[in-house]
Each structure stands twice: as C-alpha cells, then as structure tokens.
Amino acid sequence: MSVAPDWRHLPSFLIPKRLNRIVLKARGSNRQHCWRMGEGPFVDAPINNYLQLRLDTAIHGFVEPIQSLPLSEYQTALAATRDQWVIDET
C-alpha cells in the first residue's frame, strides 16, 4: 500500500475536491477520504508482526509485508490496523 507522511503530499487527483481550499488543485473524488495512522516520524519501521513501513523517498513509502505471504494474509494484516486509522482532513 502506497503512503505519504501527510495527505498534502499526495498527487492532486487523490485529494478530494472538497479540500481544494487547502490544496488548490485537489481534484479527487469526494467519496474518498484522507487518512492518518499514528503520530510518529515517517521512517522505515515495523508496524506490527506482519507489516513494515519502507520509504523510497522522504515523502513516499509502502506498507508492505515483513516477509513473503499470500495476498489474503497481507490484506488481513492491513485490515487488522484499521482501528489505528483516523480521517485527517484539516
């Protein structure tokens, strides 16, 4: 899963149009939301026993499996983090 340290770093087509008062070129679907997980630094780190954050740039990274596993198990591991995500659109 592709992630950024702040939704303002996302491409404009992923930022809902309703947020164009904050990001002037926002043109994404208003059915989408911008989410945040945690308050810590945006650095390479484990998320849980199955997932890790791996950065490829200072403003982009991936939530990926720590080791190879079937897609269904990756999806389950991602779903298990759902209660840690909050909508952040301010």
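Two strands are said to pair if DSSP finds at least two bridges between them. Please bear in mind that this is a predicted model. β3 and β4, the latter spanning residues 51-57, pair in the antiparallel sense over two bridges.

Helix α1, residues 71-79, packs on the sheet and touches β4 and β5. The direction of α1 makes about 115° with that of β5.

As for the sheet as a whole, four strands form an open arrangement in the order β1-β5-β4-β3, with antiparallel pairing. At its edges are β1 (2-3) and β3 (45-46), each of which pairs on one side only.

I turn now to His60, which lies in strand β5, residues 60-65. Not counting residues up to four places away in sequence, His60 touches Ser2, Val3, Pro5, Phe42 and Leu55. Its side chain also makes a polar contact with the side chain of Asp56, at 2.7 Å. His60 and His9 are 51 residues apart in sequence, yet their C-alpha atoms are 8.4 Å apart in space.

Finally, Asp88 is found in the segment after β6 (85-87). Asp88 is buried, because its relative accessible area is 18%. Leaving aside neighbours within four places in sequence, Asp88 is in contact with Trp7, Cys34, Trp35 and Arg36.

Thank you for your attention.

Key:
Residues are numbered from 1 along each chain as its sequence is written. This is a predicted model: local features need pLDDT of at least 70, side-chain atom pairs count only at pLDDT 80 or more; totals for chains, interfaces and linings use all residues. Side-chain values use heavy atoms; hydrogens and water are left out. Contact means heavy atoms within 4.5 Å. A polar contact is a pair of N or O atoms within 3.5 Å; within protein, one must be able to donate a hydrogen and the other to accept it, and residues adjacent in sequence count only if both atoms are side-chain atoms. Buried means under 20% relative accessible area, exposed over 50%, partly exposed in between (1.4 Å probe, protein chains only). Axes are lines fitted to C-alpha atoms, for helices over the stretch in contact, and angles run from 0 to 180 degrees between N-to-C directions.
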